[in-house]
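My plan is to go from the whole chain to single residues.

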Amino acid sequence: MVMVTGGAGYIGSHAVLALRDAGYGIVVIDNLVTGFDWAVPGDVPLVRGDIADQPLVEATLRDHGVRAIMHFAGSVVVPESVSNPLKYYHNNSAKTRDLIESAVRIGVPHFIFSSTAATYGTPDVEAVREDTPQCPINPYGMSKLMTEHMLRDVAAAHPMNFCALRYFNVAGADPQGRTGQSTAGATHLIKVAVEAALGKRESVSIFGTDFDTPDGTGVRDYIHVSDLAAAHLLALEALMAQPTRNHLLNCGYGRGFSVLEVLDAVDRATNNPIKRVMVGRRAGDPGRLISDNKAILETFPWTPRHADLDQIVAHALAWERQLGDRA
Ligand code: UDP
């Protein structure tokens, strides 16, 4: 039995589908602040509550016989973390500390954590390896790095192993159209671009055209959310197979696309060019962030299936259409 925190949110709801498709028992805990109850399949129990509500969490862990936690709940908007850092240290670090304490008290043996490439800051390398120094440049990245450190220390002191997956730029939606990115007020490029393509916003701002990249715009390693969900399943299997081994792994494809390449792909998908507005750089944006993914490929039998940018965009667009004005 797996407890998925944030299972009503974007990445968590894809992990729930992957676990369910593989036949695992699941219980979701979500406070529904940014998640949606309709994103959780009807046959999966949803506990509406907070990960720091220790009596609730501990009763859930005990009642459901939970053996692993996949922890997605948290706040994810980088600019917001700069203007409201305490929200991030509260939601991402302090509440996760309480969740981990509940897991230790109940004796949950495995913990899988949504970490981020934002823990690396602005690395001056072609491709980021797991041993590239982690120097976050915003409170979001720092709040996640603090959790990596907590997990390392807790796993050394208690009978629990963990896997932290450091996500690069997650995008796309379930290929079968069962879930997708639904939260309003998105800031992530592909989501913003498909909203513009469907007339939900007027234009897309391009944050900086003077980076040291082939076309001057920012380059990122966009990873399809379903491949990411599949990596979580493999992480769970690895933790169960070797209960004394921990993993800290990049989750990306090891290649990058520029902002212009992403917008071109969205234009191709709809045959209707989005209005582009060139604006200055956004504070703290690195020019280029691409994963070295050798470690995950060597550690797990992970076969990315949706690395094609046009497919990522097509799935994001299909979900955005289906979403309509729902969220
Ligand atoms: N970006 C942009 N316009 C937007 C949103 C993002 O030009 O409306 C750029 C951003 O500067 C970066 C890339 O797109 O180079 C990916 O940004 P996103 O916010 O999706 O993810 P991040 O890499 O910041 O986590």
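I began with a definition: two residues are in contact if their C-beta atoms, placed from the backbone, lie within 7 Å. With that in hand, I looked up how far apart in sequence the partners are. Residues 24 or more positions apart make up 79% of the contacts in the protein with a separation of 6 or more.

**Ground rules.** I noted that this is a predicted model, where local features need pLDDT of at least 70, side-chain atom pairs count only at pLDDT 80 or more, and totals for chains, interfaces and linings use all residues. Residues are numbered from 1 along each chain as its sequence is written.

**Whole chain.** I checked the overall dimensions next. The C-alpha trace spans about 55 × 40 × 40 Å along its principal axes. The radius of gyration is taken over C-alpha atoms, and the globule rule is 2.2 Å times the number of residues to the power 0.38. For 327 residues a compact globule would have a radius of gyration near 20 Å; the protein has 19 Å, which agrees.

I then looked at burial. A residue is buried if 20 or more other C-beta atoms lie within 10 Å of its own, exposed if 12 or fewer, and partly exposed in between; the C-beta atoms are placed from the backbone. Of the 327 residues, 49% count as buried.

**Elements.** Helices (H or I, at least four residues) and strands (E, at least two) are DSSP runs, numbered from the N terminus. I found ten helices and 14 strands.

**Record.** The unreviewed UniProt entry carries the annotation "domain: NAD-dependent epimerase/dehydratase" for residues 2-244. UniProt positions are given in the numbering used here, feature names are shortened, and annotations may be inferred rather than shown by experiment. Over residues 2-244 the chain is 39% helix and 18% strand.

**Seven-stranded sheet.** Two strands pair if DSSP finds at least two bridges between them. In what order do the seven strands of the open sheet run? I read E3-E2-E1-E4-E5-E6-E11, with parallel pairing. Strand E3 (46-48) and strand E11 (247-251) are the edge strands, each pairing on one side only. I zoomed in on one pair. Strand E2 (residues 26-30) is joined to E3 by three bridges. Val-28 has Leu-46 in E3 as its bridge partner.

Helices came next. Axes are lines fitted to C-alpha atoms, for helices over the stretch in contact, and angles run from 0 to 180 degrees between N-to-C directions. Helix H2 (residues 54-63) lies across strand E1 (2-5), E2 and E3, at about 175° to E2. Helix H5 (residues 139-157) lies across strand E5 (110-116), strand E6 (161-167) and E11, at about 155° to E5.

**Three-stranded sheet.** I found a second open sheet, in the order E12-E9-E14, with mixed pairing. Strand E12 (257-258) and strand E14 (288-289) stand at its edges with a single partner strand each, so one side of each is left without a neighbour in the sheet. Two bridges join strand E9 (residues 219-220) to E14, and these two run parallel. Arg-220 stands opposite Leu-289 in E14.

**One residue.** Is Ala-295 buried or partly exposed? Ala-295 is partly exposed, with 16 other C-beta atoms within 10 Å. Ala-295 sits in helix H9 (residues 294-299). Leaving aside neighbours within four places in sequence, Ala-295 is in contact with Glu-130, Leu-249 and Asn-250.
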